[in-house]
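Let's walk through this model together, from the overall layout down to individual side chains. Have the sequence and the 3D view open as you read.

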Amino acid sequence: MEDKLIVKYIKSKNEKGLQLLLETYGGLIKGVVRKHLFSLDYYQEECINDILISIWNNIYSFDCKGSFRNWIVIISKFKAIDYNRKYLKYSNFEDIDKVILSDKKDVSENLLHKELQNEIQSLLDNLRPEDRYIFVKYYLEDISTDNISKELGIPKAQIYNKLSRGRKKLFSILKNNF
């Protein structure tokens, strides 16, 4: 019942919905962010804020038939992974006062990077090989659909269809895992 109220308030852009969201799911969001950004603790608060903004701006994409909690976890997890991908490679150079380089930190970054790679790989293993290849090229290697289309010799529209179907399939898998 409270989930419906939170969704209703956020859809009507009432800030009380955000307050209820934080009271109800703030700990869950923070836990997901901490799990994925444990070595980048100075970005955790920023990531949480981005998650809240994403929920606020994309509330209409929430399917009321599904679990609101699961939807929040999925958004939180992907935002945290994005932050991880974005800042992990720069974390050693950004603010020397905040970052203390040590063997322990290097080990934890390597473990985090491996964990992230394993999670992504196990998720992508649910796709057919060609679809997986397109996903990796487009989302992880940032190759344009034009270049992928030329490389594989298939129409650009087909690339977009494969990406769309793949996203739906992966979202469905993530939704069922939470």
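What follows covers the fold, the cores, the aromatic rings and the salt bridges.

This is a predicted model, so a quick word on ground rules: local features need pLDDT of at least 70, side-chain atom pairs count only at pLDDT 80 or more, and totals for chains, interfaces and linings use all residues. Residues are numbered from 1 along each chain as its sequence is written, and side-chain values use heavy atoms, with hydrogens and water left out.

**Overall layout**

The chain has eight helices and zero strands, where helices (H or I, at least four residues) and strands (E, at least two) are DSSP runs numbered from the N terminus. Along the sequence that reads α-α-α-α-α-α-α-α. Of its 178 residues, 37% are buried; buried here means under 20% relative accessible area, exposed means over 50%, and partly exposed is in between (1.4 Å probe, protein chains only). The accessible surface is about 11,000 Å², with 52% of that belonging to carbon and sulfur atoms; the areas come from the Shrake-Rupley method with a 1.4 Å probe.

**Helix 3 and the cores**

Helix 3 (residues 44-57) passes a simple length check: at 1.5 Å a residue its 14 residues should span 20 Å, and the end C-alpha atoms are 20 Å apart, so the two agree. The expected span is 1.5 Å times one less than the number of residues. Its buried residues are Gln44, Cys47, Ile48, Ile51, Leu52, Ser54, Ile55 and Trp56.

Now for the inside. A nonpolar core is a set of buried Ala, Val, Leu, Ile, Met, Phe, Trp, Tyr and Cys residues joined through side-chain atoms within 4.5 Å. The largest one has 26 residues, and the members touching the most others are Leu21, Ile29, Ile55, Phe68, Trp71 and Ile72. Helix 1 (2-11), helix 2 (15-36), helix 3 and helix 4 each give two or more residues to this core, with helix 4 giving the most, at seven. Take Ile29: beyond residues up to four places away in sequence, it touches Ile48, Ile51, Leu52, Ile55, Ile72 and Ser76. There is also a second, separate core of 13 residues, which includes Leu124, Ile154, Ile173 and Leu174.

Lys11 is in helix 1 and is partly exposed, at 27% relative accessible area. Leaving aside neighbours within four places in sequence, Lys11 is in contact with Ile59, Tyr60 and Cys64. The C-alpha atoms of Lys11 and Trp56 are 7.8 Å apart, although 45 residues separate the two along the chain.

**Aromatic rings**

Rings of Phe, Tyr and Trp (its six-membered ring) pair if their centres lie within 6.5 Å; planes under 30 degrees apart count as stacked, over 60 as edge-to-face and the rest as tilted. By that rule there are five aromatic pairs. Phe62 and Phe68 are edge-to-face, with 5.1 Å centre to centre and 75 degrees between the planes, and both residues are buried. Phe68 also pairs with Trp71, and here the centres are 5.9 Å apart and the planes at 25 degrees, so this pair is stacked. Phe68 and Trp71 are three residues apart in helix 4, about one helical turn, and both are buried. Ring pairs join Tyr25, Phe62, Phe68 and Trp71 into a cluster.

**Salt bridges**

A salt bridge needs a side-chain nitrogen of Lys or Arg within 4 Å of a carboxyl oxygen of Asp or Glu. The count comes to seven; here are some of them.

| Pair | N to O distance |
|---|---|
| Arg85 and Asp82 | 3.3 Å |
| Asp125 and Arg132 | 3.9 Å |
| Arg128 and Asp131 | 3.4 Å |

Arg85 and Asp82 both sit in helix 4 (residues 68-88), three residues apart, or about one turn. Arg85 is partly exposed at 37% relative accessibility, and Asp82 is partly exposed at 37%. Asp125 is partly exposed at 43%, and Arg132 is partly exposed at 23%.

Methods
Contact = heavy atoms within 4.5 Å.
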